[in-house]
Amino acid sequence: MIHIRRRDELDFGYELFIAAVSILSVFNMVISYIPGVVLDAINVIFIINTVLTLLFIYDFCFRFATAPSRPHYFFRNYGWADLLAVIPMFRIFRLFRIYKAYRVVHKYGARYIVTYLSRNRAQSAFYILVLMVILIIESGAFLVLQAEHASPDANIITASDAIWWAYVSITTVGYGDRFPVTPAGRMVGILVLTTGVAVFATFAGLISSKLLAPPEKEDESPEQPTVGEDQAARYLVEMKQLITEREMLEREITSRVAKLEQLLEKGQYQSGDDGEDD
């Protein structure tokens, strides 16, 4: 019989995460060419892109090492595009990652996405946490530099200052060595603090509930089919074979019952003849 493979589900969640990171990378590439943006804010984009590049290097190595067929992955599943996307000047090839994620989403459908996120809440929370931390640090550092660069009293001046401030803010540590002084910068600070606390509080709650909850029974039955067109076709063939075997068994039972009835009728007839002779 056909089994549900957990590895497909795990790869599906990972595909969604990598697709979101790829979209962020392409978006950063567009922002870096917008005129009028503060140079230090552009440096924030470059630093975040360095982190994303490390993620893409890991992603390519992971895919290449675990691929059932490495030539197939590299030449037919856009592995060459994943490799080129690692190079910063070829970031445009990260669009292929988005395309691959789109194919996966289109194949499984929105219902499967909702089911996956519901049944894999802890793992989904981890991916969301990593993505949200990157987004909050980047947007917070970028916006606070845009807001503070014109103030003579600003102490958040460089990209490293801004990233440091954003990180200690979302972790609620708050050293106080860096802080916004302009009204616009303080509004950015409010957004960073609020979203950072919300993200970490939600993540901590999910982890706590996962650790304290009793172990769940396995919902999937080994008789369930794997999601996908090929697997569904195989499952349909098996069902047709079972139906054919059932029909053959029903015909055999009907034939044997008919023979037994004939034997019984013949026996009763012979028994009646013997009584008349007596």
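A polar contact is a pair of N or O atoms within 3.5 Å; within protein, one atom must be able to donate a hydrogen and the other to accept it, and residues adjacent in sequence count only if both atoms are side-chain atoms. A polar contact of 2.9 Å joins the side chains of Arg 63 and Asp 59. The structure is a predicted model, in which local features need pLDDT of at least 70, side-chain atom pairs count only at pLDDT 80 or more, and totals for chains, interfaces and linings use all residues. Residues are numbered from 1 along each chain as its sequence is written, and side-chain values use heavy atoms, with hydrogens and water left out.

**Confidence**

- The pLDDT is the predictor's confidence in each residue, from 0 to 100.
- The chain averages a pLDDT of 77, and 81% of the residues score at least 70.
- Confidence is highest in helix H8 (residues 159-170), at a mean of 90, and lowest in helix H10 (residues 229-277), at 73.
- Residues 1-10 have a pLDDT below 50, and this stretch has 34 contacts in the model beyond near neighbours in sequence; contact means heavy atoms within 4.5 Å.
- Residues 218-228 also have a pLDDT below 50, with 29 contacts beyond near neighbours in sequence.
- Where pLDDT is low, the predicted coordinates should not be read in detail.

- Helices (H or I, at least four residues) and strands (E, at least two) are DSSP runs, numbered from the N terminus.
- Helix H2 has 28 residues and reaches 41 Å from its first C-alpha to its last, close to the expected 40 Å; the expected span is 1.5 Å times one less than the number of residues.
- The buried residues of H2 include Ala 41, Ile 48, Leu 52, Phe 56 and Asp 59; buried means under 20% relative accessible area, exposed over 50%, and partly exposed in between (1.4 Å probe, protein chains only).
- Arg 63 lies in H2 and is buried, with a relative accessible area of 13%.
- Leaving aside neighbours within four places in sequence, Arg 63 is in contact with residues including Tyr 14, Tyr 73, Asp 82 and Arg 97.

**Aromatic pairs**

- A search of the whole structure finds six aromatic pairs; rings of Phe, Tyr and Trp (its six-membered ring) pair if their centres lie within 6.5 Å, with planes under 30 degrees apart counted as stacked, over 60 as edge-to-face and the rest as tilted.
- The ring centres of Phe 60 and Phe 64 are 5.9 Å apart and the planes are at 20°, so this pair is stacked.
- Phe 60 and Phe 64 both lie in H2, four residues apart, about one turn of the helix.
- Phe 60 is buried, at 12% relative accessibility, whereas Phe 64 is partly exposed, at 31%.
- The rings of Trp 80 and Phe 93 have centres 6.0 Å apart and planes at 75°, so this pair is edge-to-face.
- Trp 80 lies in helix H4 and Phe 93 in the loop between H4 and H5, so the pair ties together parts that are 13 residues apart in sequence.
- Phe 60, Phe 64 and Tyr 73 form one aromatic cluster.

**Helix H4**

- The buried residues of H4 (residues 79-86) are Gly 79, Ala 81, Asp 82, Ala 85 and Val 86.
- Seen down the axis of H4, these buried residues fall within an arc of 160°, so they line one face of the helix; the arc is that of the directions from the helix axis to the C-beta atoms.
- What covers the buried residues of H4 includes helices H2 (39-66), H3 (70-76) and H5 (95-108).
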